[in-house]
Amino acid sequence: GWYACVTVNSIGEEKRRTKIDVIEPPALTESRDFVVGVSQLTVWLPCTVSGDPEPSISWFKEGIAIDLDDRRNRVMGNGTLRISSLEIGDEGLYECVA
């Protein structure tokens, strides 16, 4: 918000305004430690974050960035990773980084 400092004496006044913006570091508000998916179906890996400014989200599998050009992988607007048509090769450790 805006704050003002005002000084006044018998011959006048002076005023200065200052704006303060409060920012917050990223925080995970929803995630899963373990997910079981069924072959050929779809699985959702939630990664809901908060922060100000709004954090960006990146997904990794076994330390390598998820291939979002693969049409089976999609990051939803809330940060959730959707993997459709699950395959054995999709097994592994997934990481959401905000």
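How many disulfides does the count come to under the distance rule? The count comes to one disulfide, a disulfide being a pair of cysteine sulfur atoms within 2.5 Å.

The structure is a predicted model, in which local features need pLDDT of at least 70 and side-chain atom pairs count only at pLDDT 80 or more, whereas totals for chains, interfaces and linings use all residues. Residues are numbered from 1 along each chain as its sequence is written, and side-chain values use heavy atoms, with hydrogens and water left out.

The disulfide joins C47 to C96, with an S to S distance of 1.6 Å. The two cysteines lie 49 residues apart and link distant parts of the chain: C47 is in the loop between β4 (43-45) and β5 (48-52), and C96 is in strand β10. Helices (H or I, at least four residues) and strands (E, at least two) are DSSP runs, numbered from the N terminus. The link of C47 and C96 is left-handed, with -55° about the S-S bond. C47 counts as buried because its relative accessibility is 0%, while C5 counts as exposed because its value is 55%; buried denotes under 20% relative accessible area, exposed over 50%, and partly exposed in between (1.4 Å probe, protein chains only).

Strand β10 also belongs to an open sheet of three strands, ordered β7-β6-β10, with antiparallel pairing. The edge strands, β7 (64-65) and β10 (94-97), each pair on one side only; two strands pair if DSSP finds at least two bridges between them. Strand β6 (residues 58-61) is joined to β10 by four bridges, and the two run antiparallel. Within this pairing, S58 has V97 of β10 as its bridge partner.
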